[in-house]
Every structure is written in structure tokens, then in C-alpha cells.
Amino acid sequence: MSLTTKEFNPASTIGVDLPCTLCDSENLRVLFKPGEAQEGGIVKCRECGLIFTNPRGRVELDDYRAEGEKGWTLSDSCLERAVTQLRDFRRVIERSVAHAPGGRVLEIGCNTGHLLHALKKRGMDCVGVEPNLWAARYAREQLGIAIETASMEEAEFEDNSFDVILVFHVIAHVTNPLTALRKLYRCLKPGGLLIVESPRQDTLAFRLLGKRERNVVDSWRLYFFDRSTLPAIVEKSGFEIQNHEYPSRSVTMSRIWVNVGKMTHLHWLSRFGESIASSKINKRIAIPINMRGLLRLYAQKPLVAPNAATENSI
């Protein structure tokens with residue numbers, strides 16, 4: 001593997017008011033005060049519209065990476081979701097294989113590695129980065145995928161070493177998405193394909209539910225993108241967007257109960273959802289739902305850098 005890890009300390013931004021990551025503006029409007037929706041406060045940039053947590057009130061990924069009872073473990077619900085939702089990425093698989101048959105694929109935040117496993121079966125050379133110990137171990141031992149147990153910030157990649165890079169539901173969790181995307185720009189080959197997917201916040205659910213909306217109450221989430229800000233930050237990183245889509249998501253009864261419990265803070269509902277995840281009837285019934293709450297971007301690294309200044313800045 002052409003991956004190495006380095007020490008990364010997100011605590012340098014803890015408790016610090018930060019300007020907008022996308023446009024550097026300090027003209028921010030408070031949407032939710034600290035503790036109102038999640039641990040940190042949530043603000044919206046008045047200039048570009050980016051929504052993010054501010055100030056930083058926690059060390060991102062600590063509990064996701066921890067071992068033992070306090071850590072995030074690989075539950076039946078997580079495995080069920082990974083297998084069930086693989087059907088939602090059929091277009092990603094076809095697009096990746098068509099773009100670079102037999103090419104090298106990197107997935108950031110690959111979790112249990114099921115998507116990479118599907119790509120590997122199609123002849124692709126697959127590498128993953130996953131910070132959770134249990135998920136990374138499952139991908140290595142059960143699916144035979146080369147996984148680096150690290151966060152996106154920690155992993156180091158060789159320049160121009162991948163044909164396709166996949167970033168699904170990760171970019172909203174990193175400390176600085178612009179820095180992270182510029183890092184991926186460097187390791188993607190000229191003409192390489194980047195596919196990014198993240199929840200949207202310019203939705204009816206967000207307007208109706210506000211601080212109770214599923215993504216807002218997620219205390220691991222640092223950024224909240226929409227149809228304007230996600231393309232803007234990808235383009236600012238140097239990529240050229242080819243097209244976008246609003247993918248559906250296959251949902252089981254288990255996931256419905258887990259998410260309802262999260263939004264209502266009725267943890268017993270989430271526990272009930274977890275308990276039925278491995279049941280036969282739950283595995284058989286998966287409903288594709290598309291409320292246009294997800295945004296998936298297909299972008300390309302230019303074959304030739306726009307200019308020397310752009311290349312040097314990233």
C-alpha cells in the first residue's frame with residue numbers, strides 16, 4: 001500500500017471561533033446555540049451560505065475510534081445497512097469501472113469495505129481508509145480489502161496514484177473539508193474521477209424539523225452542505241464537476257427505528273431498531289426512498305492544471 005499515517009491533532013481548533021471554511025468570511029449567523037441541537041453551536045455564513053459548527057466544542061472521532069464499551073462497535077445494524085445499501089451504489093460501481101477498467105480505487109471512510117469488495121469483484125485494485133478499528137478489521141479479515149486504519153487527515157498518499165476516489169458521507173465530518181479535498185486532488189491522477197456524496201440541508205425535512213433533523217442532531221457532524229456549498233467547495237479544491245444526482249437510499253425497518261430514536265432522543269427506539277437488524281424479515285424488506293436529501297457529485301481532476309498558480313496552491 002502507498003499509504004502511511006501521520007500524527008493529527010484536531011484539538012487545535014477546540015473552543016475556537018473560526019471563519020467560514022469556504023469563503024473565509026466572519027459574517028456568521030447563529031442557527032443553534034451550543035447544546036440546543038448538538039454539543040457545538042451551529043452557524044451559517046451570511047456570504048456563501050455554508051453551515052457548520054462553531055466554535056469547535058469537541059474532538060471529532062474520539063468515541064468513534066475508542067476501544068471498549070465507550071467506543072463504536074460493529075453492530076448488526078451497521079452490517080445490515082452496509083449490505084442492504086450496496087444496491088444504492090450500482091451507478092457508482094458502473095461509473096468507476098467504466099472510467100478506469102482495472103484501475104486503482106481509494107475509498108475514504110470505507111467502513112466495512114462492502115463497496116470496495118463489489119468493485120474488487122469487477123477487477124478494480126481497491127484500497128480503503130477507515131478510522132474505526134472494528135470496521136477496518138472486518139474489511140480486511142472478512143472481505144480481503146487492503147484497509148489503513150486512519151482518519152482522512154492522518155492518511156498520507158502518493159501523488160497521482162489513484163484513478164478513482166470515493167468519499168461518501170465523510171466530508172461533513174472532517175475538520176477542514178477544503179484542505180481534505182485538496183489533499184485528494186494531489187493523489188488523484190490527472191483525469192481521475194472523484195465521487196463525493198453528502199446529505200443536503202436545503203430540504204423540507206430541515207425546514208420542518210430544525211434542531212431535531214436527523215443530521216443536525218448528529219454530534220459527529222461538523223458541516224452541513226447544500227446544492228450550492230458542496231459543489232462550491234469541490235470546485236475550489238481544483239476539481240471540475242461533471243454532473244450530479246440525488247440518489248435514493250434503501251431503508252429497512254431497523255434503520256427507521258434507529259433514526260426516529262435519534263431525532264426524538266428516545267434511545268429505547270434506537271435500541272429496538274438495533275435489536276431487529278439481524279432478523280430475517282428486516283433483511284428481506286428494504287424500501288428505496290428518495291426525498292432528494294442526498295447530493296452526489298461526479299468530478300474530475302483536469303488533465304492539465306488550469307495554471308501554475310493553482311497547482312502550487314494545492
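This is a predicted model: local features need pLDDT of at least 70, side-chain atom pairs count only at pLDDT 80 or more; totals for chains, interfaces and linings use all residues.
## Overall composition

The protein contains 12 helices and 15 strands. Of its 314 residues, 53% are buried. Among contacts between residues at least 6 apart in sequence, 73% join residues that are at least 24 apart.

Strands of a sheet pair through backbone hydrogen bonds, in either the parallel or the antiparallel sense. In this protein, 7 strands form an open sheet with mixed pairing, and their order is β7-β6-β5-β9-β10-β15-β12. From one strand to the next, the twist averages 20 degrees.

Strands β5 and β6 are joined by 5 bridges and pair in the parallel sense, with Glu-107 having Gly-128 in β6 as its bridge partner. Strands β12 and β15 (residues 294-300) run antiparallel and are also joined by 5 bridges; here Ile-241 has Ala-299 in β15 as its bridge partner. Strand β6 is mostly covered, with 4 of its 5 residues buried.

## Helices against the sheet

Helix α3 packs on the sheet and touches β9, β10 (188-199), β12 and β15. The direction of α3 makes about 175 degrees with that of β10. Helix α4 (residues 114-121) lies across β5 (104-108), β6 (125-129), β7 and β9, and runs at about 170 degrees to β6.

Which residues of α3 are buried? They are Val-92, Ile-93, Ser-96 and Val-97. Seen down the axis of α3, these buried residues fall within an arc of 125 degrees, so they line one face of the helix. The buried residues of α3 pack against α4, β9, β10 and β15. The face of α3 turned away from this buried side carries the exposed residues Arg-90, Arg-91 and Ala-98.

## Aromatic rings

A pair of aromatic rings is described by the distance of the centres and the angle of the planes. A search of the whole structure finds 5 aromatic pairs. One of these is formed by Phe-89 and Phe-168, which are tilted, at 5.0 Å centre to centre and with 45 degrees between the planes. Phe-89 lies in the loop between α2 (76-84) and α3 (90-99), while Phe-168 belongs to strand β9 (residues 162-168), so the pair ties together parts that are 79 residues apart in sequence. Both Phe-89 and Phe-168 are buried.

The rings of Phe-157 and Phe-162 have centres 6.4 Å apart and planes at 85 degrees, so this pair is edge-to-face. Phe-157 has 12% relative accessibility and counts as buried; Phe-162, at 0%, counts as buried too. Elsewhere, Phe-52, Tyr-223 and Phe-225 form one aromatic cluster. Rings also meet charged groups: the charged end of Arg-95 sits over the ring of Tyr-298, 4.3 Å from its centre, and the charged end of Lys-301 sits over the ring of Tyr-185, 4.8 Å from its centre.

## Two residues with positive phi

Most residues other than glycine have a negative phi. Asp-24 has a positive phi, near 70 degrees, and lies in the loop between β1 (3-5) and β2 (28-32). Is Asp-24 buried or exposed? Its relative accessibility is 56%, so Asp-24 counts as exposed.

Asn-111 also has a positive phi, near 55 degrees. Its place is in the loop between β5 and α4. At 19% relative accessibility, Asn-111 counts as buried, because the term applies to residues under 20%.

Notes. Residues are numbered from 1 along each chain as its sequence is written. Side-chain values use heavy atoms; hydrogens and water are left out. Rings of Phe, Tyr and Trp (its six-membered ring) pair if their centres lie within 6.5 Å; planes under 30 degrees apart count as stacked, over 60 as edge-to-face and the rest as tilted. Buried means under 20% relative accessible area, exposed over 50%, partly exposed in between (1.4 Å probe, protein chains only). A charge sits over a ring if NZ of Lys or CZ of Arg is within 6 Å of the ring centre and within 35 degrees of the ring normal. Two strands pair if DSSP finds at least two bridges between them. Axes are lines fitted to C-alpha atoms, for helices over the stretch in contact, and angles run from 0 to 180 degrees between N-to-C directions. Contact means heavy atoms within 4.5 Å. The arc is that of the directions from the helix axis to the C-beta atoms.
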